[in-house]
Amino acid sequence: MIEILSKPVERIGIGDIESLIALKVPESEQIEFKVSLSTKGRSVDPWMSGGGRVGNYARDALLEEVTAFANAFGGTLVLGIRESEARPPVAQEIAPVPRCAELSERLKLMFRDCVEPPLPLIEITGVPIQDESGVVVIRVGKSRLAPHRVTTTLRCPIRRQDRCEKMTMREIQDMTLNVSKGLERLDKRLKERADRFPEEFDKLIDPQNAFGIRMTALPVGEEVRFDRVFSQHHIIEKLQEPWRKVIETKSNDEQFDLDDLPHECKPNVWRPMLRAARTKLDSNCESAKRKLSSYREIHCDGLIEWGLLSCEKSPKEEKTCPLMPNWPIVLLANLIAWAHRVRDEAGAPMSEYALEVEICARGPNVKVANPCNNYQLPWLGVLAADSTKFPRYSLGNTDEVIRLLSQFKRDFWNSFGNDIGGDESVLNIENWPEQGSDQGA
């Protein structure tokens with residue numbers, strides 16, 4: 001497989017660009033080369049001559065080429081590669097474009113503003129070759145929201161072999177129907193997980209006075225597939241994601257770790273299931289009822305799930321079961337990091353994940369704790385004695401993860417009738433995104 005198609009975008013380096021030349025990679029359904037920003041006739045695009053903008057002709061050409069990939073099977077456009085005159089053309093030499101990093105940022109805004117509906121998964125990065133000049137890699141995934149239209153040309157383009165062509169009305173209608181069927185499959189699979197979750201409460205000592213958190217991540221398409229996820233008495237090592245802390249930065253730049261979960265919430269002893277694997281309790285207490293229960297699951301179709309349930313009582317009020325307000329945020333951050341690893345290992349880093357979060361309260365005494373001063377301050381709120389499903393979230397580009405975490409934090413606080421407050425801190429995942437050591441490999 002061509003590394004530039006499957007490698008995490010933050011790890012793409014000079015070596016990956018040079019390998020395109022060495023291997024004489026041809027243009028295809030999933031890769032396109034451009035030597036420069038397109039122009040009419042013999043003119044030169046303003047950006048290429050040192051200007052501060054991309055011309056309209058070049059803008060529209062890039063928008064259509066990349067959107068065509070999203071309307072088909074996804075793909076990568078590399079700007080700054082001269083191609084041969086063979087058919088199909090192959091990568092021949094690097095032709096660096098000026099200020100590639102700055103250009104990549106301009107292009108991000110361009111795609112945000114000029115494609116409808118917005119592309120859910122697009123990554124753009126500049127790879128310097130000579131000082132600030134280099135190549136720009138634009139990678140887009142197959143979209144669940146297709147067909148997409150370029151607003152500046154009013155066209156719905158699609159990739160056919162190594163060409164970008166305009167879609168017919170029949171193709172637009174068929175694609176809309178197929179996308180609808182794909183969303184039905186997604187809904188059915190997530191409903192199965194929701195229907196199964198109540199069984200987890202039976203593992204608690206007091207299941208009628210407890211809370212449970214279920215977080216499920218499922219690929220929107222079918223690009224993430226594994227022959228097996230369990231081997232040699234454990235989950236396959238490459239699919240195992242290390243625990244990550246969540247760092248909160250206040251407006252005064254003070255940083256601190258969010259409350260970590262108890263050790264029991266991070267199970268790491270695995271057992272096989274039918275085309276899946278699941279963590280299990282310690283062998284000496286596997287059949288015993290518990291105050292706290294947690295599990296993780298991973299399936300061959302890329303589905304991953306994390307559950308946490310508790311009926312442990314508060315030291316302040318005997319009948320109250322406290323939920324620490326940072327636990328759902330920390331769990332979601334680790335689920336996101338795990339999903340990112342799974343799709344990378346599947347060779348599908350552009351696969352979009354749908355995230356579903358459910359918090360279920362049993363009984364009237366599940367309260368959101370105030371972590372300050374050992375519960376001595378008033379409770380932050382009370383969870384409704386029911387199940388709360390949050391709006392479905394989308395995990396696409398890695399650079400959107402921080403926004404997603406902040407959105408969930410607001411949603412969570414609002415769900416139990418509390419305001420997040422005026423001082424909205426910044427959340428970040430430890431070592432996110434994880435940088436590889438092969439930038440020049």
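In this predicted model, Leu-323 stands opposite Val-368 of strand E22. Strand E22 covers residues 366-368 and runs parallel to strand E20, to which 3 bridges join it. The two belong to an open sheet of 3 strands, arranged in the order E20-E22-E23 and with mixed pairing. Strand E20 (321-323) and strand E23 (381-382) each have a single partner strand and stand at the edges, so one side of each remains without a neighbour in the sheet.

The view may now be widened to the whole protein. Its secondary structure comes to 7 helices and 26 strands. The radius of gyration is 24 Å, close to the 22 Å that the globule rule gives for 441 residues, so the protein is as compact as a globular protein of that length. Taken along the principal axes, the box filled by the C-alpha atoms is roughly 80 × 50 × 45 Å. Of the 441 residues, 52% are buried. Among contacts with a separation of 6 or more, 72% are between residues 24 or more positions apart.

The protein carries 60 positive and 68 negative charges, whose mean positions are 4 Å apart.

Helix H2, which spans residues 14-22, leads back to individual residues. Gly-15, Asp-16, Ile-17 and Leu-20 are buried in this helix. An α-helix has 3.6 residues a turn, so residues three or four places apart point the same way. After H2 comes Lys-24, with a positive phi near 50°.

Val-137 lies 46 residues from Ala-91 along the chain, and the C-alpha atoms of the two are separated by 14 Å.

The backbone also deserves attention at several loops. Most residues other than glycine have a negative phi, and most peptide bonds are trans. Against that background, the peptide bond from Arg-87 to Pro-88 is cis, with omega near -5°. Pro-88 belongs to the loop that connects strand E3 (81-83) with strand E4 (91-94). A cis peptide bond is also found from Ala-146 to Pro-147, where omega is near 10°. The loop that holds Pro-147 lies between strand E7 (133-140) and strand E8 (149-150).

Two further loop residues have a positive phi. Asp-131, although not a glycine, has a phi of about 55°. This residue is in the loop between strand E6 (122-130) and E7, and its relative accessibility of 77% makes it exposed. His-233 is likewise not a glycine and has a positive phi of about 65°. The loop between strand E12 (230-231) and strand E13 (234-235) contains His-233, which is exposed with a relative accessible area of 72%.

Definitions and conventions:
Residues numbered from 1 in each chain as written. Predicted model: local features only at pLDDT ≥ 70, side-chain atom pairs only at ≥ 80, totals over all residues. Heavy atoms only, no water. Pairing = 2+ DSSP bridges. Helix = DSSP H or I, 4+ residues; strand = E, 2+ residues; numbered from the N terminus. Rg over C-alpha atoms; globule rule 2.2 N^0.38 Å. Buried < 20%, exposed > 50% of the residue type's maximum accessible area, 1.4 Å probe, protein only. Contact = heavy atoms within 4.5 Å. Lys, Arg positive; Asp, Glu negative; His and termini not counted. Charge placed at Lys NZ, Arg CZ, Asp CG, Glu CD.
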